[in-house]
Amino acid sequence: SLTLTNTQVAPVYELAITKQGLDENGNKPKLLNGVEFKLEKLKQAKTGGTQWEVDTSYTFNNNDNLHYLTGTTGTDGEIKNNPFKDLEPGRYRLTETKAHEGYNLLSKSIDIEFTQDGKYKIDDGPAQKATGDAASGYTVTFTVLNRKTPELPHTGADAPSLWLLIGMPLAVAGLLIFTFRYNRKGGRRH
């Protein structure tokens, strides 16, 4: 007699991120390197409701048993040696921890939820179908955009020493004029 047992394997996901930056006007996207992201698994907060908190007891298989993963973008704007793979269904938080020079960090983290049926949601938006299948794994690909930090106007003196060079002689001249006038009027009387 032969007994076959078929067990369902939980699907795994890969998060493929491309980082692009826009200029001050929201135009001309360019690929950004050196941008660092952190991915953490979330769990429902003990307070209940729809609040989520980082699950510090969860450890990722491919990250020395830490409760988070990090990845940095290369010159192609994609995460090098993508560590965001073999992710099980659940809710995750993606945080930009280091921005490309001249660009702002994202103002808030991105929450991503992977489901058992090959779908995902970003920030509790509508469910979308991931590419791939349950046997080979699903891939969620998206582009994260940042705006260039606007040039701030110059404030303060251009050359503080210049003002000192002008101000000190004027102060000394004022002091000398005061002293001469004081002495001309007879100075201090005893």
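Author: Let us begin with a charge and a ring: the charged end of lysine 41 sits over the ring of tyrosine 58, 5.5 Å from its centre, where "over" requires NZ of Lys or CZ of Arg to be within 6 Å of the ring centre and within 35 degrees of the ring normal. The charged end of lysine 41 also sits over the ring of tyrosine 92, 5.2 Å from that ring's centre. This is a predicted model, in which local features need pLDDT of at least 70 and side-chain atom pairs count only at pLDDT 80 or more, while totals for chains, interfaces and linings use all residues. Residues are numbered from 1 along each chain as its sequence is written, and side-chain values use heavy atoms, with hydrogens and water left out.

Reader: How many aromatic pairs does the structure hold, and how is a pair of aromatic rings described?

Author: In general, the description consists of the distance of the centres and the angle of the planes. Rings of Phe, Tyr and Trp (its six-membered ring) pair if their centres lie within 6.5 Å, and planes under 30 degrees apart count as stacked, over 60 as edge-to-face and the rest as tilted. The structure holds five such pairs; one of them, formed by tyrosine 13 and phenylalanine 114, is stacked, at 4.4 Å centre to centre with 15° between the planes. Because tyrosine 13 lies in strand E1 (residues 13-22) and phenylalanine 114 in strand E7 (residues 110-114), this pair ties together parts that are 101 residues apart in sequence; strands here are DSSP runs of E with at least two residues, numbered from the N terminus.

Reader: Are tyrosine 13 and phenylalanine 114 buried or exposed?

Author: Buried means under 20% relative accessible area, exposed over 50%, and partly exposed in between (1.4 Å probe, protein chains only). Tyrosine 13 is buried at 1%, and phenylalanine 114 is buried at 3%. Both residues belong to one aromatic cluster, formed by Tyr13, Tyr58, Phe60, Tyr92, Phe114 and Tyr138.

Reader: In which sense do E7 and strand E8 pair?

Author: Two strands pair if DSSP finds at least two bridges between them. E7 and E8 (residues 119-122) pair in the antiparallel sense over three bridges, and glutamate 113 stands opposite lysine 121 in E8. The two strands form a hairpin with four residues between them, and glycine 118 in the turn has a positive phi of about 80°.

Reader: How many bridges join E8 to strand E9?

Author: Two bridges join E8 to E9 (residues 128-129), and these strands run antiparallel, with lysine 129 in E9 as the bridge partner of lysine 119.
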